[in-house]
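Hi,

Here is the structure I promised to pass on to you. Have a look at it first, and then read my notes below.

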Amino acid sequence: MQLNSFLRIGTLVLCALMALLGIIIFGFYTSTLSCSISLSASGGRSPSSPIQEKALCKNRSRQIASPQGFSSKQPSIMGGRSDVVTVTPWLAPIVWEGTFDPLLIDAIYRPMNFSIAATVFAVGKYIRFLKDFLETAEEHFMVGFKVHYHIFTDQPDEVPQVSMGDGRNISVHHIAKLNRWQDISSSRMRIIQNLIEEQVHREADYIFCLDVDTKFHFRWGAEALDQLVAQIHPWFYDMSRNQFTYERRPISTAYIPQDKGDFYYIGAMFGGMVEDVHRLVQTCCRNLEADSANGIEAAWQEESHLNWYLLYNKPSKVLSPEYLWHDQRGRTEVMKVIRLSQIIKNNAEVRENV
Ligand SMILES: CC(=O)N[C@H]1[C@@H](OP(=O)(O)OP(=O)(O)OC[C@H]2O[C@@H](n3ccc(=O)[nH]c3=O)[C@H](O)[C@@H]2O)O[C@H](CO)[C@H](O)[C@@H]1O
Ligand SMILES: [Mn+2]
């Protein structure tokens, strides 16, 4: 009897000790985890000690602070763009000219001093588009911010010399040329994932991934910054979802049924906070690989996988077609400005295969 109660008390004490130990370990783990999440979410620099890590976490505030001396036009509740929808059903803004005050946006965001990474691939004959892309980006893309262009090419010696503004620089990464344009385009997902893991998570707050066969014409600025940013495809913004070129075969991981879908997003531009873009490219890579193991290539390669991802992981901000138009479309009534546009190219001539 005595031995029994002794054993029972012993077991109880042991359980209590183990629970206490569990609480301590869990507490330590979650505090480290929440710190590293906020760190990677804000893309702070790699910490060298836990003390520094805490300090960095605290410093990366995203408070929307407007300078006291700054005066802007009174915003209206009654007027504004009525020709287009400016908010999604999940309440993400859709950014159009006339929905924001660029001076106010700059007054708020420039002091935050964010670093922005931009990826651009110029493989094979597409190297010819790089000069215009970079030169026009220096005039219009995130002007007044730190921008680090990551250029991926099979011809590093052919990367043009373009003079960069203050706080803006270029890194050239050598990659092999693949044989099919579909593979070159899709391989960007894996390469961007690696770049984020190896470098960008330490250096940047945001990352934007852009096609090279494009030219900037107008401001493409901090109004585009957000957690997860997607771009409405210029050819599909006025179509119904059953006309979208989603992947329609249920056997593919990118499958979207006819009665589902919000918008058709373009594969030539996506971005956002580094951690969110990492989750996107990692998922798309996994799904691309799963399909390829089954001998499937989605209708529009990584763009199909991107559209699948964004249907189930809604973007926090959606960019109107102003942010990536297509020269071939001319101008339509809703387009007050064209900020960036895909140039007309001879696909048969520039692509590795037809
Ligand atoms: C109008 C149209 O049909 N657009 C589709 C087409 O976009 P695009 O015609 O815009 O694709 P693209 O030929 O521009 O390829 C995408 C990007 O990959 C890079 N690149 C591609 C090939 C190459 O030889 N070298 C090279 O560097 C380059 O950065 C280029 O900008 O194809 C994509 C599929 O991936 C998407 O489905 C787009 O919706
Ligand atoms: Mn393109």
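Val-120 has Ile-151 as its bridge partner in S3. That pair belongs to the pairing of S2 with S3, which is parallel and takes in eight bridges. Please keep in mind as you read that this is a predicted model.

With helix H4 (residues 130–140) included, S2 and S3 form a β-α-β unit that is right-handed. On from there, S3 is joined to strand S4 (residues 168–174) by seven bridges, and these two strands run parallel. Ile-151 turns up again here, with Val-172 as its bridge partner in S4.

**Around ligand 1**

Ligand 1 is surrounded by 21 residues, and the closest are Val-123, Tyr-126, Ser-185, Asp-211 and Trp-300. Strand S2 (115–122), helix H5 (181–203), strand S8 (265–273) and helix H7 (301–312) are the elements that each give two or more residues to this shell. By type, the shell has 10 nonpolar, five polar and six charged residues.

The UniProt record, an unreviewed entry, carries the feature "binding site" at Phe-121, Ala-122, Val-123, Tyr-126, Asp-211, Val-212 and Asp-213. These positions are spread over 93 residues of sequence, yet they cluster in space, with a largest C-alpha distance of 11.2 Å.

I looked at two of the annotated residues in more detail:

- Phe-121 is part of strand S2. Phe-121 is buried, because 25 other C-beta atoms lie within 10 Å and the cut-off for buried is 20 or more. Leaving out residues up to four places away in sequence, Phe-121 touches Phe-152, Arg-188 and Val-212.
- Asp-211 sits in the loop between strand S5 (206–210) and strand S6 (214–216). With 20 other C-beta atoms within 10 Å, Asp-211 is buried too.

**Helix H7**

Helix H7, one of the elements that contribute to the ligand shell, has 10 of its 12 residues buried, so it is largely enclosed by the rest of the structure. Its buried residues include Glu-302, Glu-303, His-305 and Trp-308. What do the buried residues of H7 pack against? They pack against H5, strand S7 (228–232), S8 and helix H6 (274–293).

**A three-stranded sheet**

There is also an open sheet of three strands in the order S6-S11-S10, with mixed pairing. S6 and strand S10 (325–326) are at the edges with a single partner strand each, so one side of each has no neighbour in the sheet. S10 and strand S11 (residues 340–342) run parallel and are joined by two bridges. Within that pairing, Trp-325 has Ser-341 of S11 as its bridge partner.

**The chain as a whole**

The protein chain has eight helices and 11 strands. Of its 354 residues, 36% count as buried. Taking contacts between residues at least 6 apart in sequence, 75% join residues at least 24 apart.

Best wishes

Methods:
Residues are numbered from 1 along each chain as its sequence is written. Chains are lettered from A and ligands numbered from 1 in the order in which they are written. This is a predicted model: local features need pLDDT of at least 70, side-chain atom pairs count only at pLDDT 80 or more; totals for chains, interfaces and linings use all residues. A residue is near a molecule or strand if its C-beta atom, placed from the backbone, lies within 6 Å of it. Helices (H or I, at least four residues) and strands (E, at least two) are DSSP runs, numbered from the N terminus. Ala, Val, Leu, Ile, Met, Phe, Trp, Tyr, Cys and Pro count as nonpolar, Asp, Glu, Lys and Arg as charged, and the others, Gly among them, as polar. UniProt positions are given in the numbering used here, feature names are shortened, and annotations may be inferred rather than shown by experiment. Two residues are in contact if their C-beta atoms, placed from the backbone, lie within 7 Å. Two strands pair if DSSP finds at least two bridges between them. A crossover is right-handed if, with the strands pointing away from the viewer, the path from the first strand over the helix to the second runs clockwise.
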